[in-house]
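Hi there,

Here is the structure I promised to pass on to you. Have a look at it first, and then read on for my notes on its charged side chains.

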Amino acid sequence: MTDTPGSNNDHWYDPPEDLARNAHIPDYEAVYAQAQRDPEAFWAERARELEWFQPWEKVLDDSQAPFYRWFIGGKTNIAHNALDRHIGTWRANKVALIWEGEPGDVRSFSYWRMWQEVNRFANILRSMGVRKGDTVTIYMGRVPELVFAMLACAKIGAVHSVVYGGFSEQALADRIEDSKSRVLVTCDGAWLRGKIVPLKDTVDEAVRRSPIVEHIIVVRRTGQDVYMESGRDYWYHDLRALPIAATRAETEVMDSEDPLFILYTSGTTGKPKGVLHTHGGYQVYVSTTLKWVFDLKDEDRWWCAADPGWITGHSYIVYAPLILGATSFMYEGAPTHPYPNRWWKLIEYYGITILYTAPTAIRGLMRFGDAWPSRHDLSSLRLLGSVGEPINPEAWRWYYEVIGRSRCPIMDTWWQTETGGFMITPLPSVRLKPGSATRPFPGIEVDIVDEAGNPVPPGVDGMLVIKKPWPAMLRTVYGDPQRYIDQYWSAYRKQGWYLAGDSARRDKDGYIWIIGRIDDVIKVSGYRLGTAEIESGLVSHPAVAEAAVIGVPDEIKGNAIYAYCLLAKGYTVTPTLEQELKEHVRHEVGPIAVPARIEFLESLPKTRSGKIMRRVLKARAMGLPEGDVSTMEE
C-alpha cells in the first residue's frame with residue numbers, strides 16, 4: 001500500500017544511531033520544549049552565537065503587530081558574520097565555495113579570496129553611487145559573481161533584488177520598476193543544457209521598458225558578442241582591474257531591522273509581491289536552521305542544488321553556509337547534461353556529504369532509472385534534503401534507497417519565501433515517515449485549523465497557520481504594507497496568526513503532512529482531496545514518472561478530477577493504460593480520487609524553480625486565459 005500525504009501510516013524510518021547521537025540536537029523534544037517555555041530567551045541565545053557591533057536592547061517588539069521587529073537596537077551586518085569575522089581565524093584559508101560550470105570549468109574560493117572579491121565588488125558598487133538603502137537588481141546565471149554581488153550589496157547596506165535568470169523581459173522590467181533600481185548586475189549569458197541563455201539581451205529589452213536603470217555591470221561568462229551601451233554598460237573584468245576595486249572595503253553598520261533584500265514571488269493574479277527581509281533576525285534564523293537541520297559540521301561539503309535567485313539559494317547557498325564557515329559546492333547547469341549522471345558524478349568527484357534539492361529534480365532523475373546513480377560511489381553522502389513542494393512517498397523512497405543507499409535520512413523541509421528559513425522539518429535525530437515534513441522547528445508554533453480557527457482533529461485537512469512570530473519572518477510586502485496585512489494576517493486577524501496558504505493534516509503521531517496550496521485542494525462530492533495525494537497515487541504506478549492533477553467544475557460532483565501524466569522511460573501510451581491507471585488510483589487512494597480523465601503529455605508547465613503550474617493546466621482545460629506566466633519555464 002502506498003502512503004499518501006496525510007495518511008496515518010506507521011512505516012517509520014529510524015536515523016542511524018551514531019548520526020542521531022552525534023547530531024547538534026540529539027533530543028528534539030527537549031529543545032522544542034525549551035523554546036516553547038521562553039521563545040525570546042531561546043532566540044537570544046541563538047543570536048549570541050553571532051557577532052554584533054552593538055547588542056540589542058529588546059529581543060522582540062510586537063507593539064505594532066503584525067509588523068514585528070526583532071533584536072531592537074542591535075547593530076550588525078550579515079556580511080560581517082558571513083565573511084569578515086572569519087578573516088583572521090583559521091577559516092580564512094578554508095575553502096568557502098567550489099564551483100563547476102556546465103562545460104566543466106572549475107573555480108574555488110577560500111574565505112580569504114571570497115572576502116577580497118566581495119570587497120572589490122562593494123567598492124565598484126560604491127563608485128557607481130550605490131549607497132545604504134539603495135536597491136540593486138541582480139539578474140545572472142549560477143556563477144560565483146552572483147554570490148559576490150549579493151554579499152557586496154549587504155556589506156555596503158544596499159538592498160539586493162535578485163531576479164532569477166530565466167525570467168522574461170517584462171517580468172524583469174516589472175521588478176526593476178517596483179524596486180526602483182538604478183544599478184543592475186548581469187552576465188553576457190549563462191550555460192544551460194549546452195546552450196547559451198542570452199541574459200544581456202533580456203536585460204537590454206527590460207531596461208528599454210523600464211529606463212530608470214543608469215548603470216549595468218556585465219560579467220563575462222559565455223564570451224558571445226553582446227551590445228554594450230557607452231556610459232551605461234561596463235564589463236566587470238574591466239572595472240575589477242581599476243584602482244577603485246580595492247581588496248579592502250568598509251562594512252556598513254546596519255540596524256537589526258534595516259532591509260537586506262527584496263525577493264519577488266508571483267501570485268496567481270496581480271503584480272508580483274516584493275517580500276522584504278532584514279539583516280538581524282534573518283541571519284540568526286537561517287544559520288540556526290541550517291546548523292541544526294542538516295547537522296552542518298566543519299568537515300562537510302554542502303550542496304544546495306537550488307538557484308541563488310530563489311529564497312532557497314539566498315538562505316542556504318549564500319548566507320547560512322558562510323555564516324557557519326562551511327564549504328559549499330555550486331553547479332551552473334542542468335542535472336542531466338550531458339548525461340543523466342551529472343549530479344552523481346559531481347557528488348562522487350567532490351565528496352559531497354549533504355545534498356539538498358527539490359522533488360521535481362528527484363522525480364526527473366528517477367525517470368532514468370537506477371543504473372545511472374548505481375555506477376557511482378555515493379558513499380560520501382550522510383544526509384539528504386528535499387525542498388519546494390511535498391515529496392511523494394515513491395520519490396522519497398527512491399531518493400532514500402538509491403541515492404542515500406538506505407543510510408542517509410531525508411530532511412524534508414517545509415518553508416516559504418516569506419518565512420526566510422525552514423519551518424516544519426525533521427532534525428537528523430527524528431524518526432521519519434516518507435512524505436511527511438514531521439514537526440515544527442524549535443521555536444516555531446504551528447496549527448492546522450478550520451476557517452473559524454478551530455483546530456481540526458488528526459487525519460482531517462485544514463489551513464496551516466503559524467501562531468507566533470519568528471526572527472526570519474518577512475517584514476512587509478515592499479511598498480505595499482496593506483497587501484502584507486491582507487494576504488498573510490487578515491484571515492485570522494483576531495487570533496494574530498499568520499496564514500501560510502497551504503493545507504495540511506496531522507496524523508495520529510502528531511506528524512504534519514503538507515497537502516499543497518489551498519488552491520490545490522479539490523472538493524469532489526463534498527470531499528476535500530489534495531492534489532498531492534492523487535499525484536502520489538499515480539506516480540506509484542511504474543509507468544508514470546510525473547503527474548499533475550487539477551479540479552474542473554462538474555455539475556454533479558462539484559468538481560471532477562483531471563490528471564496529466566508523463567510516462568517513465570520505456571513506457572508508451574496504450575489503449576488500456578488510462579483505465580489501468582484509474583484502477584491503480586482507486587486501489588491506492590480510494591474511489592473518490594479516481595480521475596475522470598487522464599491525459600498524457602511530453603512535459604508539464606512548470607515555474608523556473610520547478611513547481612508545476614496547475615492553474616495553467618486548469619486554464620487550458622477550461623479554455624480560459626492562462627494569467628501571469630512570467631515564472632513559467634520556456
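How many salt bridges does a search of the whole structure find? The answer is 46. Please keep in mind that this is a predicted model. As background, side chains of opposite charge can pair when their charged atoms come close.

Let me start with D233 and K200, whose side chains form a salt bridge with an N to O distance of 2.9 Å. This pair links distant parts of the chain, 33 residues apart: D233 belongs to strand β12 (residues 233-235), while K200 sits in helix α8 (residues 199-209). Both D233 and K200 are buried. They also belong to a network of salt bridges that links K200, D204, E229, R232 and D233.

D447 is buried, because its relative accessible area of 9% is under 20%. K467 is partly exposed, at a relative accessible area of 25%.

D447 also meets R506 in a salt bridge, at 3.2 Å from N to O. R506 lies in strand β24 (residues 498-506) and D447 in strand β21, so this pair ties together parts that are 59 residues apart in sequence. R506 is partly exposed, with a relative accessible area of 27%.

Terms used
Residues are numbered from 1 along each chain as its sequence is written. This is a predicted model: local features need pLDDT of at least 70, side-chain atom pairs count only at pLDDT 80 or more; totals for chains, interfaces and linings use all residues. Side-chain values use heavy atoms; hydrogens and water are left out. A salt bridge is a side-chain nitrogen of Lys or Arg within 4 Å of a carboxyl oxygen of Asp or Glu. Helices (H or I, at least four residues) and strands (E, at least two) are DSSP runs, numbered from the N terminus. Buried means under 20% relative accessible area, exposed over 50%, partly exposed in between (1.4 Å probe, protein chains only).
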